[in-house]
Amino acid sequence: MEIHVVAPELRRLDETSAELCACSLWADVRPMRGLAGLLDWRLGGRLSALLKAGFLSGRRGETLLVPGKPHVPFEKVLVIGLGTRSEFDHAAYREAVRHMARALEGLQVRRAVVELPGRAGGEIDPDDAITMALECVGDSSQHDSWWLVEEPAGQRRIERRAAEERRRVRMA
């Protein structure tokens, strides 16, 4: 799987050639932050309306798929619930990444923009995030490219760690 990094800016997200955009949502943080907040704005408040109606909550393991186009360049938007921030740890992170990867595989999505769970608010270190994400997804042939949404400071760390992991896999 190829790893690319993209800044959390709508203009930059529009430039990717992904089929789907995947973000996560906390059960106890409102208004939405990170990529979910950006997408909600671009979708005209659709995610906020689903929250208000009780159709979406952000509970751990929750999955919601909504149409993206014409408001965003992606066919689909996938929202994964993370639960509460106080319960978020490395085990919850791994569970969320595996859940997201399985959802992408089930939807037969090979190219996705992905905000790694917990990265928008810094709940998980970028080096740990990419290392565990690569462990969870592995070298699955079902994923061609992921564009990871990341602030500039974390971008360099994630790119470096992903390159190290690719070298390690090639050497094995």
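Predicted model: local features only at pLDDT ≥ 70, side-chain atom pairs only at ≥ 80, totals over all residues.
Visitor: How many residues does the largest nonpolar core have?
Guide: The largest nonpolar core has 34 residues, and those with the most contacts inside it are L78, Y93, V114, W146 and L148.

Visitor: And which element gives the most to this core?
Guide: That is α4, which gives 8 residues, while the elements giving two or more also include β1 (2-6), β4 (76-83) and α6 (152-171). Another core, of 25 residues, lies apart from it, with C23, L25, V77 and V79 among its members.

Visitor: OK, new topic: how many aromatic pairs does the structure hold?
Guide: The structure holds 2 aromatic pairs. In one of them, the rings of W26 and F88 have centres 5.0 Å apart and planes at 90 degrees, so the pair is edge-to-face. W26 sits in strand β2 and F88 in the loop between β4 and α4, 62 residues apart, so this pair links distant parts of the chain.

Visitor: What about F88 and Y93?
Guide: The ring centres of F88 and Y93 are 6.4 Å apart with planes at 85 degrees, so this pair is edge-to-face, and W26, F88 and Y93 form one aromatic cluster.

Visitor: Is Y93 buried or exposed?
Guide: Y93 is buried, because its relative accessible area is 0%, and among the residues it touches are L116, P117 and I124.

Note on methods. Residues numbered from 1 in each chain as written. Heavy atoms only, no water. Core = buried A, V, L, I, M, F, W, Y, C linked by side-chain atoms within 4.5 Å. Buried < 20%, exposed > 50% of the residue type's maximum accessible area, 1.4 Å probe, protein only. Helix = DSSP H or I, 4+ residues; strand = E, 2+ residues; numbered from the N terminus. Contact = heavy atoms within 4.5 Å. Phe/Tyr/Trp six-rings, centres within 6.5 Å; stacked < 30°, edge-to-face > 60°. Lists of a residue's contacts leave out its neighbours within four places in sequence.
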